[in-house]
Amino acid sequence: PALMTLPSGAGTPAADGADALRDATESCRDVTTITAEIGVSGSVGGRGLRARLLAGLAAPSSARLEAVAPFGQPIFVFVARDNDATLLLPRDRRVLEHGRPRDVLDAVAGVPLDAADLRVALTGCAVAPRANEARQIGDDWRIVPDEAGEVYLHRDATAAPWRLVAAVRRGAGEASWRAEYRDFPKGAAADGLPRMVRLSSVDGKRFDLQLALSQLEANMPLGVEVFTVMIPEGTE
């Protein structure tokens with residue numbers, strides 16, 4: 001599907017910014033851990049990509065991603081805690097230790113996100129929103145400044161609930177990205193969290209991916225062993 005057209009312009013101060021943000025983030029702001037299976041499709045660097053990931057994320061900045069193969073060992077295992085990442089390539093019996101998470105994930109998957117970015121990208125929840133600086137564009141859009149970017153709130157009608165539909169992170173050069181959120185099921189175990197995320201570089205050229213989340217569980221205990229890689233003997 002086409003990327004969402006986000007409103008632009010200075011807008012006017014939104015007196016209801018704090019209320020709109022509270023309503024839109026009610027489901028995600030208390031989420032501390034997430035596990036999910038993620039179907040990935042789209043393109044990186046202009047080349048088509050399709051993959052299946054097993055993901056585990058914990059606040060504030062821990063992540064584990066396994067790229068699952070049709071059979072046999074995973075294609076890669078990526079684990080990050082704070083600013084330290086390990087990448088294991090089981091099939092090649094090679095490992096990279098103590099890398100910068102954003103650089104490592106960029107090298108292996110073409111997406112320059114660290115563990116904290118991954119959690120924001122999948123939940124849509126703001127990190128450090130400044131609701132007092134919220135802007136209003138029309139009756140149905142609110143833009144709230146967040147850590148290094150903005151979150152976009154939208155409602156379908158005046159009486160409808162606010163929904164966090166997009167987040168933009170602005171970094172140096174190619175590090176800028178945007179995420180869009182769709183498919184918010186009701187009555188699910190992780191009620192209110194999106195099941196479809198569109199993740200793309202701001203220019204839309206470096207990467208453009210659709211992430212379909214399933215088997216999603218929130219606030220399940222994730223021990224330190226989840227974010228530790230057991231390196232097989234003989235790995236270079």
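The link between Cys 28 and Cys 125 is right-handed, with 75° about the S-S bond. This is a predicted model, and a search through the whole structure turns up 1 disulfide. If the term is new to you, a disulfide is a covalent bond between the sulfur atoms of two cysteines.

**The disulfide**

- The sulfur of Cys 28 sits 2.1 Å from the sulfur of Cys 125.
- Where do the two cysteines lie? Cys 28 is in the loop between helix 1 (17–24) and strand 2 (33–44), while Cys 125 is in the loop between helix 3 (115–123) and strand 8 (135–136).
- That placement means the pair ties together parts that are 97 residues apart in sequence, so you'll have to look in two quite separate places along the chain to find both partners.
- Are these cysteines buried or exposed? Cys 28 is buried, and Cys 125 is buried too.

**The chain as a whole**

- Count up the secondary structure of the protein chain and you get 3 helices and 14 strands.
- The radius of gyration is 18 Å, close to the 18 Å that the globule rule gives for 236 residues, so the chain is as compact as a globular protein of that length.
- Along its principal axes, the C-alpha trace spans about 60 × 35 × 30 Å.
- How much of the chain is tucked away? Of its 236 residues, 46% count as buried.
- Take the contacts between residues at least 6 apart in sequence: 44% of them join residues at least 24 apart.
- The chain has 27 positive and 32 negative charges, and the mean positions of the two sets are 4 Å apart.

**Val 104, a buried residue in a helix**

- You'll find Val 104 in helix 2, which covers residues 101–109.
- Val 104 has a relative accessible area of 6%, so it counts as buried.
- Which residues does Val 104 touch, leaving aside its neighbours within four places in sequence? Its contacts are Phe 78, Ala 85, Leu 87, Leu 96 and Gly 99.
- From Val 104 to Asp 84 is 20 residues in sequence, and their C-alpha atoms are 9.8 Å apart in space.

**Backbone details to look for**

- Which two residues does a cis peptide bond join? They are Ala 59 and Pro 60, with omega at about 0°.
- Pro 60 belongs to the loop between strand 3 (47–58) and strand 4 (62–67).
- Asp 183 isn't a glycine, yet its phi is positive, near 65°.
- To find Asp 183, go to the loop between strand 12 (177–182) and strand 13 (196–201).
- Asp 183 has a relative accessibility of 46%, so it counts as partly exposed.
- Gln 215 also has a positive phi, about 50°, although it is not a glycine.
- Gln 215 is part of strand 14, which runs over residues 207–218.
- With a relative accessible area of 62%, Gln 215 is exposed.

Notes:
Residues are numbered from 1 along each chain as its sequence is written. This is a predicted model: local features need pLDDT of at least 70, side-chain atom pairs count only at pLDDT 80 or more; totals for chains, interfaces and linings use all residues. Side-chain values use heavy atoms; hydrogens and water are left out. A disulfide is a pair of cysteine sulfur atoms within 2.5 Å. Helices (H or I, at least four residues) and strands (E, at least two) are DSSP runs, numbered from the N terminus. Buried means under 20% relative accessible area, exposed over 50%, partly exposed in between (1.4 Å probe, protein chains only). Contact means heavy atoms within 4.5 Å. The radius of gyration is taken over C-alpha atoms; the globule rule is 2.2 Å times the number of residues to the power 0.38. Lys and Arg count as positive and Asp and Glu as negative; His and the chain ends are not counted. The place of a charge is taken as NZ of Lys, CZ of Arg, CG of Asp or CD of Glu.
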